[in-house]
Amino acid sequence: MTTWPTRVRGLAWGADYNPEQWPEDVWSEDVELMRRAGVNLVSVAIFSWALLEVEEGRYEFGWLDRVLDRLHEGGIWVDLATATAAPPPWLTTAYPEVLPETADGVRLSHGSRQSYCPSSPVYRAKAVALARALAERYREHPALAAWHVNNEYGCHVSRCYCDRCAVAFRAWLRARHGTLDALNDAWGTAFWSQHYTSWEQILPPRATPTSHNPGQLLDFDRFSSDALLELFKAERDVLRELTPDVPVTTNFMAAGFSGLDYWKWAAEVDFVSNDHYTRGEDDERHIDLAYSADLVRGLAGGRPWLLMEHSTSAVNWQPRNIAKLPGELRRNSYAHLARGADGTLFFQWRQSRAGSERYHSAMVPHAGPDTKVYREVEQVGAEYGRLAELVGSTVAAEVAVVFDWESWWALSQPNHPTGDFAYPAHVFAHYRALWRAGVTVDFVPPGADLSRYRLVVVPALYAVDDATPYEEYVAGGGHLLVTYLSGVTDTRGHVHLGGYPGAFRELLGVRTEEFHPLRADQVVALDDGSTAAVWTEHLHADGAKVLASYTDGPLPGVPAVTRNERGDGVAWYVACGLVGDGLARLLRTAVEQAGVPLGPGGDVEVVRRRGEVAGSAVSWLVAVNHGSRDAKLPVTGVELLSGARVPGGVVVPAGGVVVIREEEV
Ligand code: GLA
Ligand code: ZN
């Protein structure tokens, strides 16, 4: 099995390419401009179903043949899509049951994209047939480098509540729980008269008078992620059968998308690819980008991954679509590269004239190549040509953050102690503090082997059956920092009794008797100068040392932050919503005590990749300066973009980028 599109030499650079939106005479110019821009990989046919299968079972591949041939003549590789992300109107007209349904019973129509139900046998059969037809036709095509299955599974429809999904959900529940008794127990159906006496009574969580059963919601989230994953696997298996040497991927939306449990998905792709878009109005969008990139590297198990999509400038789906600043496209690409991407592609190659994404930027803007955007595209394309030696190198981190889609699902349910808590924002707050301290982090799934990390941060790991992996980690000398709302329930959603934070209570040496979430905008003070918002709890130290207590608010004198020494290790507990400087200080202290060096921090992002050149171990520093002042980086080696030797230090220009092959000094 091939786990990377190795036919592409060097770092991948390119875009989604949608030539069917243009007359054929534009295609020649496309290839010419791609060559000028150093493009070596494009994703083709992602939304081409209606033009490939023009009526049921009648395929028209002629235009795609010509596109692929031209790309090949131009030396450009193809990440060929299976084109199944948008069923054509003929299909949903002939088979309306393909269409998905909302929780309110509204059947969604065709006319945009992704209008399919994950459990529809018709959709599945047609999608697999199309994937097979494409693989049969193009298996020997010399441009084929990788398969791009579907597109952003779940992006618009990650949950479908139709009758077919009800049937599939029941089958999934039978496989998970075995018996109705087990299901009744897991869901706690003794409450509110929900006891089931037959499988047929069980429904997806459709519109109801008030809140749903939490077990039903959580299992429906799991089922929905699995149902889409089954669709992916059905297409993937056909591709693997026909083209075993061509790696298969599907593009994730890892940061910010709760629909799929990407830890499970990542195990099924040959290589991980991801889409990431910055929010133009967010002044810290570069930190959000780094967060995405690190999470994706975690999904890739530390191996290189591909940025399948980002934007050269504005998108078209935010409230205000802010154009990127000069140099921002370049910084964005390098920031992904620094964090393990072996290629950065865009949506899309040529900006559309028509259709709902007309105002989304592309590598070739409406205004043509004589533009800031295309010039920057050309610049980075040329630079990537000088960086081929980085391919295959990896990023090593000494700090890990545990990320859990199931806890995200569970904490997104209604009827929790506060509506002010948001799982992704909470994880990001901790990530951000580490980023600002210049610390590179890995993301790991719950239960991962933690032994190679010096510090592990566990933000709101809510649904935990058993804390053994964390206990072993601390016993072995690890430093663990756990935040509130961790270990509260098991993975069925049942609360661990005897005091919070349930599964972690003993390891942390604490016991909480009651949650005291704060009022909106309420801020409480701690005796170490920190402040907290959103959350406090009535905590008792039960062996742990108290580092800070509240001086006001609902719990004056009660411990807020504790530290428990166990074996050779340390377990911190943060029982409140520390904000700003307090959170930054705490994380820096934990990092320092764990013996992890702090980076330059501030606006300069520096990440080290390690690999081999001609059999010898080599490391590279990729530095991206997001600030408005030049910065000096103490390093000796060769700066690969300029080719200059830098003895003892290099200037990272304001808004600029450097890549240094390091030398030992
Ligand atoms: C997603 C999709 C693309 C395009 C972009 C626009 O990432 O995969 O087809 O719609 O968004 O930002
Ligand atoms: Zn459905």
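Analyst: A residue counts as buried when its relative accessible area is under 20%, and as exposed when that area is over 50%. Glu-152 has a relative accessibility of 9%, so it is buried. Keep in mind that this is a predicted model.

Start with the backbone at Glu-152. Its phi is near 40°, a positive value in a residue that is not glycine. Most residues other than glycine have a negative phi, and most peptide bonds are trans. Glu-152 sits in the loop that runs between β6 (144-148) and α6 (163-177).

Asn-415 is another non-glycine residue with a positive phi, here about 70°. Its loop lies between α13 (405-412) and α14 (423-436). Is Asn-415 buried or exposed? Asn-415 has a relative accessible area of 63%, so it is exposed.

Next come the peptide bonds. Phe-347 and Gln-348 are joined by a cis bond, with omega about -5°. Gln-348 belongs to the loop between β11 (341-346) and α12 (372-384). Tyr-500 to Pro-501 is also a cis peptide bond. Omega is near -10° there. Pro-501 is in the loop between β16 (479-483) and α16 (505-508).

Now the strand residue. Thr-531 is part of β19, residues 531-533. Its relative accessibility is 30%, so Thr-531 counts as partly exposed. Leaving aside residues up to four places away in sequence, Thr-531 touches Val-523, Val-524, Ala-525, Leu-526, Gly-577, Leu-578 and Val-579. Leu-583 is 52 residues from Thr-531 in sequence, but their C-alpha atoms are 8.8 Å apart.

Finally, the setting. The protein has 17 helices and 31 strands. Its radius of gyration is 26 Å, close to the 26 Å that the globule rule gives for 665 residues, so the protein is as compact as a globular protein of that length. The C-alpha trace spans about 75 × 75 × 45 Å along its principal axes. Buried residues make up 60% of the 665. Among contacts with a separation of 6 or more, 70% join residues 24 or more positions apart. The domain assignment gives domain 1 (399-593) and domain 2 (604-662). Their centres, taken over C-alpha atoms, are 35 Å apart.

How values were computed. Residues are numbered from 1 along each chain as its sequence is written. Chains are lettered from A and ligands numbered from 1 in the order in which they are written. This is a predicted model: local features need pLDDT of at least 70, side-chain atom pairs count only at pLDDT 80 or more; totals for chains, interfaces and linings use all residues. Side-chain values use heavy atoms; hydrogens and water are left out. Helices (H or I, at least four residues) and strands (E, at least two) are DSSP runs, numbered from the N terminus. The radius of gyration is taken over C-alpha atoms; the globule rule is 2.2 Å times the number of residues to the power 0.38. Buried means under 20% relative accessible area, exposed over 50%, partly exposed in between (1.4 Å probe, protein chains only). Contact means heavy atoms within 4.5 Å. Domain bounds come from an automatic or database domain assignment.
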